[in-house]
Amino acid sequence: MFSETTPSGSVVLELVGVSVEVGDVEVLHEVDLTIRSGELHVLFGRNGSGKSSLLAAVMGLHPYRITSGQIRLFGESLEDVTVSERARRGIGMAFQDPPELEGVSVDALANALEASDRLSDAETALHLDGFRDRPVNVGFSGGEKKRWEICKLFLRRPSLLLLDEPEGGVDLEHAAVIGDAIALLLEPGATELDAAPAGLVVSHTGSILDRLPAHIGHLLVDGRLVHSGDAGELFDHIRRGGYRAPA
Amino acid sequence: MTATAATPSTSHLDETQKALLANVGFIDDGRSATGVLVDQRVAETSSVHPDVEVLPIKDALLRYDWLQDLMFRLIDPDENEAVRQATELVDDPVGCFVYVKEGAQIEEPIQLFSVIETPQARQFTHNITVIESGASVDIVSGAAVPERVHAGHHLSLDECYVREGASVRMVSIERWGQRMESESWSRTRIGAGATVSNTTIQLARIARQRSNSITWLAEGARNNEQMITVAPPDTVREADSEIILEGAGAVSETTARMVAAGGVIVNRSTLVGAAPETTGFLGCDGLKLGDVGEITSVPALRALDDDAQLSHEASVGKIGAEKLDYVMATGLDEEAARDLIVQGFLELDEQALPPSVAKAVTDTVRAAKSGSL
C-alpha cells in the first residue's frame, strides 16, 4: 500500500526560485519546492493563488512562461523541454478543466499511446466501463471527467503525478474511487522505475486528505509559497484560521 | 411510371479497375446494383436485385418514355455557362439511370463510380436517380483515377428524385487526380415524408473542385447532410449549396467539417425556410493547419415563413493550444497530437452511413486522412 509515513527517496521534482508569467502578469514568485520519490504533497490556497499555474508550469503548458529559476525532474532541467517530452520523462497531469476532443475516442487516444492493454483495467478501476467509444470529455459529466483524468494516467503510469483538483465536485462514492485509483498510481512499482512515484495535488477543500495520506502541505498566497509543513497540520490550521501562514 | 426487372451484368471492368475503385468503396459482390463510368463510356451496369435497375442513361431514355420528362427538369441546360457549354459540346451524354421500385426495401447498396483513365480526358456525365415511393435504399458512389493520371476534367449533372415516404442513405468518396478539375451540379427533390441522409467525403489533392447543389424538401421530408473536406496544398475546393424547405414540417441538418491543410476551401450554404413549422440547421466548422491556405465559410439563412426555425453555427480557426497541450501531456509528440485532433475533427457520424458499408467507409477515410494530411 501507499505509505502513510514520510518516505525519504530520491528527489523527483525540484523548483528553485521559479517565477512564472502569463502575458505580462507574474503569477508565481520565486517558488522553491522539492518532492521526493514516494511523497505526496498538497497545494493549498485561495482561488487565484497560483496552484494550477504551478502545476501547469511544471507540465510546460501554454501560456505559462518561466521567467526565472529552474524546474528539474530527476535532477535534469526542464528548460526548453516540450510538454510531450516531459510526459515521456515521467510527468502525468490530471487537468482541472480538460478540453473536449471532438471525434477522438478514448480508444483512439489509448491506441495512439500504444496503451490499449492498460485501458481495460483502468476503466474498471475508475467505473468507466463502456467509455472506449466515447469522444474524450465530450458529453462527460463533471464526475466522469474527473475519473477519466485519473484513468488517463494509467495509460503511461507517471513517476510524478500532477493532480489539479482531482476530486472537485465529485460525489462521495466516486471520490473514494478516485482516491483508491490515485493510491494505486502512487504505489511503489507502479512505474517502470524502482523508486515509488511522487505526487503534487491541488486542493481547495482538502477533502483529498480523507482519501490519501498526504505527507507535506504547502500554502500558496498570491503566487508565493508562504509555508510548507505537515499536510494534516496545515489543513487543520487553514480550517481554523483561513489561508494564512502559520506563525 | 414503372421500370422493370434486374439488368444483366455488362461488366467490362478489369482487376486493375476494380482495385482502383476499391479505394473509394467498390466491392465485387454484396451490392444490389452497379454502375461504372470510365472516361466517356459506361463500363458496367448490372443489377442482382429485381427491384433495382441501373442502366446507361441513353438506353434508359429509349426504354422508358417518361424519363425524358425527368431529364433537365431539375437542372436547366442554360442554367449557367459551365452547364450550357458542357451540354452543347456533348450531344451524347454518358451516365447512369438508377431506379428503385415502389416500396422496395433494398438491403445491399447500389454502387456508382466514375473513373478517368485517360490523361487530360474530359468526362461529362448525366445521372438520373429515381427512388419510388416507400422504397428504402443505400447508395455508395465515388470517383477515382489511376496514379498515372494527374490532369483531366470531370463535369457531372445529377438529378435525383426521392419520392414520397422513401428513404435513402448516400455516401460519396471522391479521389481525383492532383491537377484535375471537377465540377458537379446536383439537384435533389425530396418528396413528402421522405428521408435522405447524405455523406460527402473529399480528401485527396485536386487542382480545383467545384460543387453546386440544390435540394428541395416537401412536406414532412427530412434531410441530413454531413461533409468532410480537406484541402491539401495546391487544392481549391468551392462548394455552393442551397436547401429549400418548401413543405410544412420539413427538417434539414447540415454539418460541414473543413480542414485547410495548405489549400483553399470556400463553402457557401443557404438554408431557406419557405413553409410553416420547418426546421433547419447549418453547422460549418473549419480548421486551418499552418500558414498557407484559407477557409471561407458563408452560412446563410433565409426565412420566408414566419414559422420557420433556422439556425447556424460556424467556426474557423487553428487547433487550440489548450487541446494540443492536453494531448501532448499524454506523451504524444506535437505532430502525432495534431494528427489525432484533426482525425477526430473529421470523424464521420457513422449513424448516418449505410451499416453495410460503414466500417469499410470509415477505414477508407481514416487511411485517406492520414495520407492527405
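**View 1. Chain A as a whole, with 49% of its 247 residues counted as buried.** A residue is called buried if 20 or more other C-beta atoms, placed from the backbone, lie within 10 Å of its own, exposed if 12 or fewer do, and partly exposed in between. This is a predicted model, in which local features need pLDDT of at least 70 and side-chain atom pairs count only at pLDDT 80 or more, while totals for chains, interfaces and linings use all residues. Residues are numbered from 1 along each chain as its sequence is written, and chains are lettered from A and ligands numbered from 1 in the order in which they are written. Chain A contains seven helices and 10 strands, taken as DSSP runs numbered from the N terminus (helices H or I, at least four residues; strands E, at least two). The C-alpha trace of chain A spans about 50 × 40 × 35 Å along its principal axes.

**View 2. The hairpin of strand 1 and strand 2 of chain A, with two residues between the strands.** Strand 1 (residues 11-22) and strand 2 (residues 25-36) of chain A run antiparallel and are joined by eight bridges, where pairing requires that DSSP find at least two bridges between two strands. Glu21(A) stands opposite Glu26(A) of strand 2, and in the turn Gly23(A) has a positive phi of about 65°.

**View 3. Helix 6 (residues 172-186) of chain A.** Buried residues of helix 6 include Ala175(A), Ile178(A), Ile182(A) and Leu186(A). Among the elements that cover the buried residues of this helix are strand 3 (40-45), helix 4 (116-125) and strand 8 (198-202) of chain A.

**View 4. The largest nonpolar core, of 180 residues.** Such a core is a set of buried Ala, Val, Leu, Ile, Met, Phe, Trp, Tyr and Cys residues joined through C-beta atoms within 7 Å. Met59(A), Leu162(A) and Val115(B) have the most contacts inside this core, and its largest share, seven residues, comes from helix 6 of chain A.

**View 5. The side of chain B that touches chain A, where 19 residues of chain B are in contact with 24 residues of chain A.** Two residues are in contact if their C-beta atoms, placed from the backbone, lie within 7 Å. Helix 5 (321-328) and helix 6 (334-345) of chain B each supply at least two residues of this side.

Terms used. The expected span of a helix is 1.5 Å times one less than its number of residues.
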